[in-house]
Amino acid sequence: MPRKYTEAQKKSALKWDSTNLDRVSVALPKGKKEEIKKVAEKHGESVNAFINRVINQAMEKES
């Protein structure tokens, strides 16, 4: 059975996110999101984790 979150838990999570995370919106060509999702799944990662890893690897190469 899916867990239900209370309004207090949702509010707390949103507060934590706004304090600790930056958000970036990325526009992709149609179909690219599904391609990224499939590659991320191959690596056992979420789309977010995959994108973060690839960005970090690219930035490490630059320095």
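Is Glu7 buried or exposed? Select Glu7 to begin: Glu7 is exposed, with a relative accessible area of 59%. Keep in mind as you go that this is a predicted model.

**Helix 1**

The side chains of Glu7 and Lys10 form a salt bridge, at 3.5 Å from N to O. Because the two residues are three apart in helix 1, about one helical turn separates Glu7 from Lys10. Lys10 is partly exposed, at 41% relative accessible area.

Helix 1 is hardly covered, and the count of buried residues in it is zero.

Pick Asp17 and Arg23, which pair in a salt bridge with their closest N and O atoms 3.4 Å apart. Asp17 is partly exposed at 25% relative accessibility, while Arg23 is exposed at 69%. Then jump to Arg53 and Glu45, whose side chains meet in a salt bridge at 2.8 Å, N to O. The whole structure has four salt bridges.

**The nonpolar patch**

Show the surface and select Val24, Val26 and Leu28: together they make a nonpolar patch with about 310 Å² of accessible area. Leu28 sits in the loop between helix 1 (7-20) and helix 2 (32-42), and is partly exposed at 42% relative accessibility.

**The largest pocket**

The largest pocket holds about 530 Å³ of space. To finish, highlight helix 3, which gives the most to the lining of this pocket, with five residues.

Note on methods:
Residues numbered from 1 in each chain as written. Predicted model: local features only at pLDDT ≥ 70, side-chain atom pairs only at ≥ 80, totals over all residues. Heavy atoms only, no water. Patch = residues over 30% accessible without salt bridge, like charges linked within 9 Å, V, L, I, M, F, W, Y side chains within 5 Å. Areas by Shrake-Rupley, 256 points an atom, 1.4 Å probe, with all protein chains shown as cover. Helix = DSSP H or I, 4+ residues; strand = E, 2+ residues; numbered from the N terminus. Buried < 20%, exposed > 50% of the residue type's maximum accessible area, 1.4 Å probe, protein only. 1 Å grid on protein atoms, 1.4 Å probe; cavity = no way out; pocket = protein on both sides within 12 Å on 5 of 7 lines; lining within 4 Å. Points joined across faces, edges and corners; volume = space filled by probe spheres on them.
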